Amino acid sequence: MATRALITENAAEFRDALPDGGVLLGLDLGTKTIGIATCDAGWSFATAGKTLAKGKFARDKSALEAICKDRGVAGVVIGLPLNMDGSAGPRAQASRSFARNLVQQDIGLGLPVLLWDERWSTTSAERDLIAQDLSRAKRAERIDSHAAAVILQGAIDRLAGGIL
């Protein structure tokens, strides 16, 4: 499916691993769910997708693999939940571990992965959903995939011409 296995927090390095652009998959990893978003191949806009109930890695990978195959995904952007002071806590370590599994040729997707600072992504997604006048129940259903779209949009804005 992909070029070279890479995990980076550097947008320029990730962009260089995807010289022809391509559809990206954005993930917001929670303890119970995985929010999913995708973007167009030209890195213009991110769109919220579905939310997966998080399970064993093999099952999660299988669901993500189906999306990657269906959409022709070239790389993955995973939200990195840093603390407000920029330090990494247990959730950030869990995201890094998930990324390591995703790049492994034998068990993963083998796609390049960009770890993207996701501070304030859920708050931003919540504000957007409130602005759409969605009920609390509807917001709860959609928050993770919308947070994934916020994460992915931030990354593609940087990749497509923002300051690297």
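A residue counts as buried when its relative accessible area is under 20%. By that cut-off, 46% of the 164 residues in the protein chain are buried. The model is a predicted one.

Start with the overall layout. The protein chain has five helices and six strands. Read from the N terminus, the order of elements is β-α-β-β-β-α-β-α-β-α-α. The accessible surface of the protein chain is about 8,200 Å². Carbon and sulfur atoms account for 50% of that surface.

Next, look at how the chain meets itself. Take the contacts between residues at least 6 apart in sequence. Of these, 65% join residues at least 24 apart.

Now go to helix 1, which spans residues 11-17. Ala-17 belongs to this helix. Is Ala-17 buried or exposed? Its relative accessible area is 5%, and the cut-off for buried is under 20%, so Ala-17 is buried. Ala-74 lies 57 residues from Ala-17 in sequence. In space, the two are 9.5 Å apart, C-alpha to C-alpha.

Finally, turn to the aromatic rings. A pair of rings is described by the distance of the centres and the angle of the planes. The count here is one aromatic pair. Phe-57 and Phe-98 form it, with 5.4 Å centre to centre and 75° between the planes. Planes over 60 degrees apart count as edge-to-face, so this pair is edge-to-face. Phe-57 sits in helix 2 (residues 57-71) and Phe-98 in helix 3 (residues 90-103), so the pair ties together parts that are 41 residues apart in sequence. Both Phe-57 and Phe-98 are buried.

Terms used: Residues numbered from 1 in each chain as written. Predicted model: local features only at pLDDT ≥ 70, side-chain atom pairs only at ≥ 80, totals over all residues. Heavy atoms only, no water. Helix = DSSP H or I, 4+ residues; strand = E, 2+ residues; numbered from the N terminus. Buried < 20%, exposed > 50% of the residue type's maximum accessible area, 1.4 Å probe, protein only. Contact = heavy atoms within 4.5 Å. Areas by Shrake-Rupley, 256 points an atom, 1.4 Å probe, with all protein chains shown as cover. Phe/Tyr/Trp six-rings, centres within 6.5 Å; stacked < 30°, edge-to-face > 60°.
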